[in-house]
Structure formats: C-alpha cells, structure tokens
Amino acid sequence: MADAVSDHLAELWRGHMVNARWFQSKGLPIHSLTITPLPWHTQTGSVWVRSELAEVAVGDSEETYHLLTGYLPVGAAEPDAFIGQAELPDRGLVDVVDAPRSPHTMAALLACLTQPQTTGMTWFSSPPEPNSPTAVFAGEQSNTTVQVGSDMQFKVFRKITTGPNREEEMLAGLQKSGITPHLIGTLTGADGEVTLGIFEEHIQQASDGWDYCVRACRAERSISDEMTRLGNTLRLLHTELVDAFGSSTIDGAAIGAQMLARLDAASEQVPELVNNRQALRAILDVEAGSVPVQRIHGDFHLGQALITPDGWTIIDFEGEPIKTPEQRAAPDSPWRDVAGLLRSLDYARHYHDDPEGTSAKSWYSDARRAFLASYLGDEAMPRQLLRAYEVDKAIYELVYETRNRPTWAGIPRHAIEEAITAS
C-alpha cells in the first residue's frame, strides 16, 4: 500500500481509536500510529475487506490493534460504521468502515470465509450460512463481538499479540465442560502467527450476569440461589482447567512479591495510592507457604457469566486487558477468580439507589456468603490470601477506572479504604 494511503488511513483510524472501547491506553499520549495491511479477505464485487494491523506507540510501550476494515462505494457506508474516505490504488475514492459495524461488509466477509479452504480460516464444525444476518453486540467490550444468525457469534480480537491466543486455547481445552461456549472456528493471519477472531456458539435464552445482578440489587431481590449455582460452576471450571492444562505450586511469598510490584507500578500511574502504600503493602505481603496454581479465567466478573434456565455459562477467557500476555498466561491461584467475582458484586451494589444503606450492604453480604460457601465446599477459607487478591484487584480497578471511566474510580477507591480500615 502506498505510503500516502497508509498515512491517510492512519490519520482516519487514529481519530476513531482514541474513543473506541477496545483501545486500552486511553489517556496516554500516542506518539505514532502506522497501518500494515494483511492480504485481502475478499476483493471481489463492490465491497472489499481486509484485516489491518495498527502499530501504536503509546506512552512508553508499543501496542498492536486489529482493524477489520471494509471499503465500500462512496455513500454506501452505514453511519455507525463510517470512519472516513480514502483513495485506494486500483479503486479510487471509497468509504472506509469498521467492518463489524457494517452489515454490507460482514455479508461480503462471511461469503468469503465460508468458502472451502479459505486462507487463514479453520472450521471445527459447520460454518454459518453465508447470508446470515449480523449485528454488533451492545455494551462495553475489549473486543468486538458480532451476532451471526441466531446461534453463532464472531469475536473480532482487537489488541493483538503473536503466538497462541489464550481464549482460543482455553475454549478448545474446555469443549466438553458444558459450561463454556463451543469453539466453532478460528480466523488467523495468512501465516498463522496471529489470531484475528473466533466463531463460537451463541448461548440461547441467556441473560448477562452483570445486568441480572444489578437489576436484582436495585429491586432488593436476593440472588443467594444464583450465587450458590455460580460458585459451583466456577469450582467446576477450575477443575476442568486442571484436567486440561495441569497444575503446580508456588510459594505464597512469590505471589505477594508480584502483588507488591503491581502496587508500585500502579502508584506511579495513580499517585493517590502513594499515601496508603505502607498499609497496602501489609495487606499484600502474602505469607510464605505452598499455594496451588493453575490456568484460571483471569478476569472473572459478573459480565463474564451468562445465566440461563439451565444454569451459568462462563465466557471471555482472555484475561485482564491491561496485563501483558506473559502475565495473563502465567499460572495463578483460583482465588484470583473468586476475588474478581466478589469485587464485581461490590460494583453491582453501587448501582443501588443507596449503596451504603443497610439494604444494599445486606444484599451484597448475602450474595458474597452464598457464592463463597458453594465454591469452598468442605475446604477451609484462605482468608489472608483471598483478602490480598481482593485488594490487588481493587488496585487494578482503580488504575483501569482512572484511565477509562473516571466517574467509576470511587468504587475501587472506597474498597481500598475499607480494607485499610479493617486491617
């Protein structure tokens, strides 16, 4: 692609990316952005589609984002998908669109990907019908998920790393668990180095766990039964992950050292943490001793679970968005996932009209108690370890919210203050 075209596309996408939910470095200075096109997915007819990699120098790091891009005749772009206009070699002036938000573009892409032996596309079971209707899921996501027909969805990965894709690996390892979506297909770059997206089962008659629990809290309706089932489901997930990927042990002191290092890094980004660093270090200084570790979900919260008439389904296995791929891939204690769910319940409590009132606090306490009791079974509670993971998660949340949703920062801030007061 000619440099002038590449530079113009980079300028168009830069303005779009800084406001996109999936751009994970909001608030940090972008020093440069370059576009590298991959081979065309389809270049026939009036709609051309390809994946492009945006190499972004942001803050003190380099990040790569996947731009699934459509090129349509001038005036044909859907308003919600429109990025701008550009001159393409051998094509002339075209509308540039964010492909997942453009039904015209997704139709052309599906027609291509469902053909036999399409480069980069691997199907593990029957592909969708090429003419399946598509629609982007609403809500905040670190990727972009497109509903394809009634029983499938296409998750377009946005932040890209080389090597095995964690979600693809996890879903493949959990195919027979009955508590995760089935993996239907994967889309990679032509050389197989990067995973650009996956097709997976769309869970029928499902409600988002976050929405379900927020509504229950506002209505002051107990979710103890639901949390009992979710605790059992998470316990089953951890058992299945051990069966698929194995387990090991680590010294608790090493876990504490990692948490303390994250606290130091977080304090540089959120200076208010410096005032409480000594008290927080006392909480995060996990005592020595053997701690079982394994593959875990890595970013478990109410939004990563769907409630259906048959129980809970767990989704989205990429790990915490602002962690490095190495950090996400490392074995960890299952209690990190437990802490993530507990923190999510606390977030849900803050959607009550009076989050500090007796009713909201009782709702949270009852839900927390039911979830922990079912997850634990006959095992003893590792109170100090769980407390450290909850505070570690709240620190992560404070950094994330400060960067992305400043009006939410008070929720983890209050949790951190409460933990310090209780220590």
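Arg-349 lies over the face of Tyr-364, 5.8 Å from the ring centre; a charge counts as over a ring if NZ of Lys or CZ of Arg is within 6 Å of the ring centre and within 35 degrees of the ring normal. Arg-235 is placed over the face of Tyr-375, at 5.2 Å from the ring centre. The model is predicted: local features need pLDDT of at least 70 and side-chain atom pairs pLDDT 80 or more, while totals for chains, interfaces and linings use all residues. Residues are numbered from 1 along each chain as its sequence is written, and side-chain values use heavy atoms, without hydrogens and water.

**Aromatic pairs**

- The whole structure contains 11 aromatic pairs, where rings of Phe, Tyr and Trp (its six-membered ring) pair if their centres lie within 6.5 Å, with planes under 30 degrees apart counted as stacked, over 60 as edge-to-face and the rest as tilted.
- Phe-154 and Phe-199 are stacked, because their ring centres are 4.3 Å apart and their planes meet at 10°.
- This pair joins distant parts of the chain, with Phe-154 in strand β9 (residues 152-156) and Phe-199 in strand β11 (residues 195-201), 45 residues apart; helices (H or I, at least four residues) and strands (E, at least two) are DSSP runs, numbered from the N terminus.
- Both Phe-154 and Phe-199 are buried, that is, under 20% relative accessible area, with exposed meaning over 50% and partly exposed in between (1.4 Å probe, protein chains only).
- Trp-335 and Tyr-375 form an edge-to-face pair, 5.3 Å centre to centre with 75° between the planes.
- Trp-335 belongs to helix α9 (residues 335-349) and Tyr-375 to helix α10 (residues 358-376), 40 residues apart.
- Trp-335 is buried at a relative accessible area of 10%, and Tyr-375 is buried at 5%.
- One aromatic cluster comprises Trp-210, Tyr-347, Tyr-351 and Trp-408.

**Helix α10**

- Buried residues of α10 include Trp-363, Tyr-364, Phe-371 and Tyr-375.
- The cover over the buried residues of α10 includes α4 (209-218), α5 (224-245), α9 and α11 (383-404).
- Just after α10, Gly-377 has a positive phi of about 60°.

**Sheet β12-β15-β16**

- Three strands make an open, antiparallel sheet in the order β12-β15-β16; two strands pair if DSSP finds at least two bridges between them.
- β12 (207-208) and β16 (311-314) are the edge strands, each with a single partner strand, so one side of each has no neighbour in the sheet.
- Four bridges join β15 (residues 305-308) to β16, and Thr-308 stands opposite Gly-311 in β16.

Note on methods. Contact means heavy atoms within 4.5 Å.
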